[in-house]
Amino acid sequence: PPKANPFPAITVNKIRGPLSGQPEKIGKHSLRTIDYIMFSPYLQKTQFALKPKMFGSDGPFNPKSISELIPSMKVPSDHYPVAVDLRINGNQEKTSIPTAGDANPSSDISNT
């Protein structure tokens, strides 16, 4: 099996301030991955449309991650964007990709 990346992509890098609606998290550095792109076996990731954000293995409160806290003027969201390019896997003649129109009419509630 492939080895896990020891330096995961990060999607959140923030420290909640005193006006947070989640008082138990005030002052805690959230440096982790909480956003994902999930896709079916009918699709294949060809490349990252945006390079994932990575800070290495120094953990929370390291100088690099603290210098790039979000939201900021550069990244106005409290999550880094996650985007990939996908393509249909294999030969279209051999691959049947289900669509909403492929639903079995006998299982449609309107036919009961």
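Across the whole structure, a search finds one aromatic pair, where rings of Phe, Tyr and Trp (its six-membered ring) pair if their centres lie within 6.5 Å, and planes under 30 degrees apart count as stacked, over 60 as edge-to-face and the rest as tilted. The pair is formed by Phe 55 and Tyr 80 and is tilted, with 6.5 Å from centre to centre and 50 degrees between the planes. Phe 55 lies in the loop between β3 and α1, whereas Tyr 80 lies in the loop between α1 and β4 (84-88), so the pair ties together parts that are 25 residues apart in sequence. Helices (H or I, at least four residues) and strands (E, at least two) are here DSSP runs, numbered from the N terminus.

This is a predicted model, in which local features need pLDDT of at least 70 and side-chain atom pairs count only at pLDDT 80 or more, while totals for chains, interfaces and linings use all residues. Residues are numbered from 1 along each chain as its sequence is written, and side-chain values use heavy atoms, with hydrogens and water left out.

Both Phe 55 and Tyr 80 are buried, a term that means under 20% relative accessible area, with exposed meaning over 50% and partly exposed in between (1.4 Å probe, protein chains only). Together with Ile 10, Leu 31, Ile 70 and Val 75, these two residues make up the largest nonpolar core, which has six residues in all; such a core is a set of buried Ala, Val, Leu, Ile, Met, Phe, Trp, Tyr and Cys residues joined through side-chain atoms within 4.5 Å. Asn 62 lies in the loop between β3 (43-48) and α1 (63-67) and, with a relative accessible area of 4%, is buried. A polar atom of the Asn 62 side chain lies 3.1 Å from the backbone nitrogen of Lys 64.

Turning to the strands, Ser 30 is found in β2 (residues 29-32) and counts as buried because its relative accessibility is 17%. Not counting residues up to four places away in sequence, Ser 30 touches Val 12, Asn 13 and Lys 14, and its C-alpha atom is separated by 6.5 Å from that of Val 12, 18 residues apart along the chain. The side chains of Ser 30 and Arg 32 are joined by a polar contact of 3.4 Å, that is, a pair of N or O atoms within 3.5 Å, of which, within protein, one must be able to donate a hydrogen and the other to accept it, residues adjacent in sequence counting only if both atoms are side-chain atoms.

Ile 15, by contrast, is found in strand β1 (residues 12-15) and counts as partly exposed, at 33% relative accessibility. Residues up to four places away not counted, Ile 15 touches Gly 27, Lys 28, His 29, Phe 61, Ile 66 and Leu 69.

For the chain as a whole, the secondary structure comes to one helix and four strands, running β-β-β-α-β from the N terminus on. Of its 112 residues, 14% count as buried, and residues 24 or more positions apart account for 65% of the contacts with a separation of 6 or more.

Key:
Contact means heavy atoms within 4.5 Å.
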